[in-house]
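Welcome! Please take a look at the structure below, and then we will walk through a few of its features together.

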Amino acid sequence: MTEPDPKPGAPAGKSQPEEADRLRELLRSPGYLKVLVLCALIGVPVSLAAFWFLVALHQLNHLMWADLPEAVGLAAPPWWWPLPLLPAAGIVVGLVVTHLPGGGGHIPAGGLHATGGSPRALPGVMLAALASLPLGATLGPEAPLIAFGGGLALLVTELARVPSTAQSTILLGTAGAAAAVSVIFGNPLIAAVMVMEVAGVGGSRLFAVMLPALLSSGVGALVFTGFGRWTGLKTSHLSMELGVPFPRLDAGDVVWSVLIAVAIGVAVHLITLGGRLTALFVARRPLANTAVCALASGACAAVYALVTGRSPVEVASSGQATLSHMAAEPHAWGVGALIAVLLFTGLSYTLCLGSLRGGPVFPALFLGGAAGVLLAPLPGLGVVPGLAVGMAAAVTSALRLPVSSVVLIVLLLDSAAMIPVVILASVVAFVTTQLLPPGRAVPEAGKPVDPSGGATQAADAAGP
């Protein structure tokens with residue numbers, strides 16, 4: 001499980017033969033092989049628990065935005081519907097942050113983390129997510145699932161009284177996170193790649209993390225899919241079917257990819273900075289300020305519905321369903337509606353990043369897709385390249401994970417036709433965000449910030 005110390009007098013850099021020897025030694029280690037088997041076994045209970053967690057999210061979302069309006073005689077949620085729901089979510093999250101261990105999980109403005117928290121944090125993570133996401137937070141379920149899966153994997157090993165070390169704890173937590181989040185993206189490969197890239201390791205350490213993550217995510221996807229078919233219960237996963245054909249890329253697509261990626265990189269970076277400032281504001285008075293930010297997020301959805309005459313759900317949600325509808329019928333969106341959804345969703349996303357609990361991936365995908373559809377009429381561009389470039393640039397800018405972003409967009413499009421512009425947009429957006437000022441660090445969840453700003457002055461140079 002541990003790498004041997006370098007030989008005395010050996011150069012600081014490791015040659016390829018040395019790395020290969022380290023990898024062989026690692027794979028032959030009885031301790032690592034035991035952890036690998038345990039990770040495969042853990043994928044089963046973690047995926048089952050994640051299934052029921054996602055079922056609960058799906059059912060609560062349907063209850064709040066479909067069943068309740070029908071129960072009071074409304075055909076659809078009216079413009080004012082988010083105004084009572086989101087403050088209620090803010091109050092629950094504020095209570096979780098102030099009274100339960102772990103503060104309800106990671107603050108979304110801080111980006112994704114490779115593993116979940118301790119098992120003691122699981123109740124807070126679940127409650128905060130069940131309050132935030134069904135009640136209209138502009139966030140996705142991936143971050144709570146990572147925390148849920150990682151914490152649950154460690155809980156299972158504790159209950160089974162499995163001997164553990166610091167290294168095995170990291171591997172088991174990472175494997176549990178990959179197993180839990182694998183299906184929400186519609187493909188276990190995305191979850192494994194994302195968890196590995198978030199971990200930020202290389203060499204033989206990369207393989208040490210990669211194998212458990214791949215194995216547990218694959219096992220989790222198999223169990224998750226089979227169990228879902230057997231029960232007949234519905235969850236939701238990211239999927240998209242384009243209503244227009246894939247074009248052949250040309251020089252115009254390449255030029256626009258660079259320019260759009262720069263613009264989206266700057267815009268999403270500003271949203272991230274706003275989310276960090278929101279988190280600092282919330283940390284001073286968690287209960288009251290979380291409710292205030294949630295109310296402001298609800299107001300964004302309500303004003304959007306008033307201005308456009310469309311459903312407030314298009315803002316008060318992760319954007320997953322709206323993105324699917326937009327991709328299927330991109331021409332059903334007028335310029336005014338696209339501009340409005342970008343402005344109000346962007347503002348709501350900023351507020352939710354620093355106050356409620358959820359993940360940053362799905363809203364970033366939606367914002368990038370909406371920007372791509374809006375810019376599609378540019379000479380030499382088109383709807384499909386615009387969607388691909390917009391989503392790739394937005395997700396990369398939000399996560400600072402270019403490899404995961406490329407894999408996600410390519411698998412989401414279910415075609416290799418857009419790979420060149422997806423890669424180009426991801427790289428350009430990543431470089432753009434890295435060159436911009438990083439802003440203040442996100443305070444630790446559940447801990448008040450120093451009013452003098454002492455601990456919050458340090459910049460988080462690595463980004464979210």
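## How H3 and H4 meet

In this predicted model, helix H3 (residues 82-99) packs against helix H4 (residues 122-132) at an angle of about 170°, and their axes are 8 Å apart. Angles over 145 degrees count as roughly antiparallel, so H3 and H4 are roughly antiparallel to each other.

Which residues make the contact? From H3 come Ala-89, Val-92, Val-93 and Val-96, while H4 brings Gly-124, Leu-127, Ala-128, Ala-131 and Ser-132. Seven residues of this contact of H3 with H4 are nonpolar, two are polar and none is charged.

## Space inside the protein

Rolling a probe the size of a water molecule over the atoms shows where empty space is left. Searching the whole structure turns up four cavities of 30 Å³ or more.

Let us look at the second largest cavity, which holds about 70 Å³ of space. Its lining is made up of Gly-104, Gly-105, His-106, Val-125, Ala-143, Pro-144, Ala-147, Arg-357 and Gly-358. Helix H5 (residues 142-159) gives the largest share of that lining, with three residues. Sorted by class, the lining of the second largest cavity has four nonpolar residues, four polar ones and one charged one.

## The whole protein

Now for the wider view. The protein has 16 helices and zero strands. Of its 464 residues, 52% count as buried.

How do contacts relate to the sequence? Taking contacts between residues at least 6 apart in sequence, 80% join residues at least 24 apart.

How values were computed. Residues numbered from 1 in each chain as written. Predicted model: local features only at pLDDT ≥ 70, side-chain atom pairs only at ≥ 80, totals over all residues. Heavy atoms only, no water. Axes fitted to C-alpha atoms, helices over the stretch in contact; angles between N-to-C directions. Helix = DSSP H or I, 4+ residues; strand = E, 2+ residues; numbered from the N terminus. Parallel < 35°, antiparallel > 145°, perpendicular 65-115°, else oblique. Contact = heavy atoms within 4.5 Å. Nonpolar A, V, L, I, M, F, W, Y, C, P; charged D, E, K, R; others polar. 1 Å grid on protein atoms, 1.4 Å probe; cavity = no way out; pocket = protein on both sides within 12 Å on 5 of 7 lines; lining within 4 Å. Points joined across faces, edges and corners; volume = space filled by probe spheres on them. Buried < 20%, exposed > 50% of the residue type's maximum accessible area, 1.4 Å probe, protein only.
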